[in-house]
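Morning, everyone. Please have the sequence and the 3D view open while I talk.

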Amino acid sequence: MDFIQHIDPAVFAPLVLVSATVFTLFWGLDAATHAKLAHVDITDRELTTHRIILATSLVMVLSLLLMYWWPVAMLPVFFGSFITRTVHEFLDELHYHMDRCTPYESMLHLSLIHISQGIV
């Protein structure tokens, strides 16, 4: 934790702005290519996967908030939800989207996953 406290906050501002800009760019490209899929029904299993992604995202954000008070107790919750969300994002992309998306769309999805998870 001392390492993070010694980093100049001015370093984080450009990193956040660049990451948010790149994510927004990829998201915009993805949204533009998916306009034709807006009326395609998804299966119950895919919907369940999307719900798991949403739930683990909420748990991840909540654990970050609670880390202010209980950092050691919330760290396993954060890592568990982070790993669960990442795995389900890749399962969703590789199992459900590969059949109906072009290679270009698949690369956009994988780029969005990497950026949103901070893997880049």
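**A walk through the helices**

Let's start with Leu65, which sits in helix H3, residues 44-66. One caution before we go on: this is a predicted model.

Now the overall plan. The protein has five helices and zero strands. Read from the N terminus, the elements go α-α-α-α-α. There are 120 residues, and 28% of them count as buried.

Tyr68, Trp69 and Trp70 make up one aromatic cluster. Both Tyr68 and Trp69 are exposed.

How many aromatic pairs turn up in the whole structure? Four. Take Tyr68 and Trp69 as one of them. Their ring centres are 5.2 Å apart. Their planes meet at 85 degrees, so we call this pair edge-to-face. The cut-off for that label is over 60 degrees.

Phe78 and Phe82 also form an aromatic pair, and this one is stacked. Here the centres are 6.1 Å apart, with 25 degrees between the planes. To count as stacked, planes must be under 30 degrees apart. Where are these two residues? In helix H4, residues 71-97. Phe78 and Phe82 are four residues apart there, so about one helical turn separates them.

Is Phe78 buried or exposed? Buried: its relative accessible area is 17%. Phe82 comes out at 22%, so Phe82 counts as partly exposed. The line between those two classes is drawn at 20%.

Let's look at H4 as a whole. It has 27 residues. At 1.5 Å a residue, H4 should span 39 Å. The C-alpha atoms at its ends are 37 Å apart, which agrees.

Which residues of H4 are buried? The list includes Met74, Phe78, Ser81, Thr86, His88 and Tyr96.

Side chains of opposite charge can pair when their charged atoms come close. The structure holds one salt bridge. Which residues form a salt bridge? Arg85 and Glu89, with their closest N and O atoms 3.4 Å apart. The limit is 4 Å, so the pair qualifies. Both Arg85 and Glu89 are buried. Why does about one helical turn separate Arg85 and Glu89? Because they are four residues apart in helix H4.

Two serines to finish. Ser57 lies in helix H3. Its relative accessibility is 17%, so Ser57 counts as buried. Which backbone oxygen lies 2.7 Å from a polar atom of the Ser57 side chain? The one of Ile53.

Then Ser106, in helix H5, residues 103-117. Ser106 is buried, at 6% relative accessible area. Now find Leu94, twelve residues from Ser106 along the chain. The C-alpha atoms of Ser106 and Leu94 are 8.5 Å apart.

To recap, remember two things. Arg85 and Glu89 form a salt bridge, and both are buried.

Terms used. Residues numbered from 1 in each chain as written. Predicted model: local features only at pLDDT ≥ 70, side-chain atom pairs only at ≥ 80, totals over all residues. Heavy atoms only, no water. Phe/Tyr/Trp six-rings, centres within 6.5 Å; stacked < 30°, edge-to-face > 60°. Buried < 20%, exposed > 50% of the residue type's maximum accessible area, 1.4 Å probe, protein only. Polar contact = N/O pair within 3.5 Å; in protein donor to acceptor, adjacent residues only side chain to side chain. Expected span 1.5 Å × (residues − 1). Salt bridge = Lys/Arg side-chain N within 4 Å of Asp/Glu carboxyl O.
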